[in-house]
Amino acid sequence: MSDLDPRSPEGAPPGASRTEAQATGFLDERHLELKRRAQAWAAAARLEEEHDPRRLVERLAEGELLRACVPAAFGGLRERVELRDLTVLRAVLGYRSSLADTMFAMQGLGSYPVTLAGTDGQRAALLPRVARGEAICAFAITEPEAGSDVSGIATRAVRDGDSYLLDGEKTFISNAGIADHYVVFARTADDRHRGISAFCVEGGANGLTTTPIELIAPHPIGTVRFAGCRIPVSARLGEEGDGFKLAMATLDFFRTSVGAAAVGMAARARAEAIARVKTRRQFGKPLAEFQATQIAIAEMAMDVAASTLLVLSAAHRLDVTAAPSAVDAAMAKLYATEAAQRVIDRAVQLHGGQGVVAGAIVERLYREVRALRIYEGTSEIQKLVIARSLLR
Ligand SMILES: Cc1cc2nc3c(=O)[nH]c(=O)nc-3n(C[C@H](O)[C@H](O)[C@H](O)COP(=O)(O)OP(=O)(O)OC[C@H]3O[C@@H](n4cnc5c(N)ncnc54)[C@H](O)[C@@H]3O)c2cc1C
């Protein structure tokens, strides 16, 4: 049983305490207390029954979870945003409701560039509202012709006196259409990396339009188009040319937390599978008594435990050194999301026909987990990050 595993508010059962103990070494009492509080709250809040993204953000604010996304000076939980808080909370939410996890993650991802590079004025205007669930955030970098190749973006921000004019198209933007604020990455010069700048754009800005995209699992997402969208110079985050570094610093921070969400989802699938094989009888005995089933359960447990350790060690190292490690984050995200896919697929298989019935928990997880291997950098891109660092 992993420490991130939100299934057991009372702690890990005997016999599975080794991983728990190791994982606890990466967390301190503050994170464990947050985990216990979030587990109790999430269970009582019946998050899986709430399907309205805006309402979910309000609920997350009521539970005070969103405070983990911003620094204490702006209504947050700790002096600075701690990755271990985000990993603990995303595992708890991933276990209960992927949509709640998405809404939580986007409040963090869409506001973190402001935390990192905003002026005090920009921070004060946005971050307290993020923590209170009054402002919904989005992070807009992907374009139709620039996905994995982030530095290939073509959206332009052209200076015009005291403003910039934004023109271009973003796609696959979580919270498109419901966001109050978009952190938008756009080109202010031709240099591939140093020509990119970041801007905080209001959802209601003139010249900004959105179109929803429907995915295989619930997720508010769509395209965002800018046509002569005028924004003040004061909306720029940092200096001109800082955008690429800011985007990478944000993604290096949040990628590990995607792994945590995957751990939560995998832990849920494992729990559902264990419950099922104990009760489903075939050939005169419970499925759990067949060795093939036991091997499957053991491999699922090992996948969850290994993912937990990679996620927590990456989060711990980042919090302690305050230096994002692209390799740690890539390994945590890559391993945990791939492992979650395996675990959930096995859980479906162990459920037999019941596993693919619409509305079954493992059927829902099967659809929901797929995007995690794609967003915030595909699995292949994570491998390139790891290999390039080793071969440098
Ligand atoms: C649910 C969801 C939410 C998202 N939310 C956001 C968001 O909020 N904001 C945002 O900006 N973006 C968001 N995205 C976009 C996401 O980050 C991109 O989809 C992702 O980076 C991949 O880009 P792409 O879809 O263009 O695929 P492509 O880049 O076209 O890749 C297609 C395939 O080619 C592979 N590939 C590409 N380059 C290489 C290479 N050099 N070597 C080997 N293989 C390669 C990829 O791994 C992939 O398998 C979201 C996507 C999804 C699915």
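Some ground rules. This is a predicted model, where local features need pLDDT of at least 70, side-chain atom pairs count only at pLDDT 80 or more, and totals for chains, interfaces and linings use all residues. Residues are numbered from 1 along each chain as its sequence is written, and side-chain values use heavy atoms, without hydrogens and water.

Ligand first. Which residues come nearest? Of the 20 residues around the ligand, they are Phe139, Thr142, Ser148, Thr378 and Glu380. Around it means having a heavy atom within 4 Å. Now the polar contacts, which are pairs of N or O atoms within 3.5 Å. A side-chain N or O atom of Ser148 is 2.6 Å from a ligand oxygen. For Glu380, also through a side-chain N or O atom, the distance to a ligand oxygen is 2.7 Å. Ile141 uses its backbone: a polar atom there is 2.9 Å from an oxygen of the ligand. On its own, the ligand has 970 Å² of accessible area, and the protein covers 65% of that. Those areas are Shrake-Rupley, with a 1.4 Å probe.

Next, the cores. A nonpolar core is a set of buried Ala, Val, Leu, Ile, Met, Phe, Trp, Tyr and Cys residues joined through side-chain atoms within 4.5 Å. Buried means under 20% relative accessible area, with a 1.4 Å probe and protein chains only. The largest core has 76 residues, and Leu86, Phe104, Phe185 and Val201 have the most contacts inside it. A second, separate core has 32 residues, including Val258, Ala260, Ala296 and Val343. Back to Leu86. Beyond four places in sequence, its contacts (heavy atoms within 4.5 Å) include Phe104, Phe253 and Phe254.

Now Met300, in helix α9, residues 291-321. Helices here are DSSP runs, H or I, of at least four residues, and strands are E runs of at least two. Is Met300 buried or exposed? Buried, at 1% relative accessible area. Beyond four places in sequence, it contacts Ala269, Arg270, Ala273, Val343, Arg346, Ala347 and Leu350. Its C-alpha is 8.8 Å from that of Ala267, 33 residues apart along the chain.

Last, the strands. Pairing requires at least two DSSP bridges. Strand β3, residues 163-174, runs antiparallel to β7, residues 221-232, over nine bridges. Lys170 has Val224 of β7 as its bridge partner. Strand β6, residues 208-212, also pairs with β7, antiparallel over five bridges. There, Leu208 stands opposite Phe226.

That's it from me. Over to you.

Notes. Buried < 20%, exposed > 50% of the residue type's maximum accessible area, 1.4 Å probe, protein only. Polar contact = N/O pair within 3.5 Å; in protein donor to acceptor, adjacent residues only side chain to side chain.
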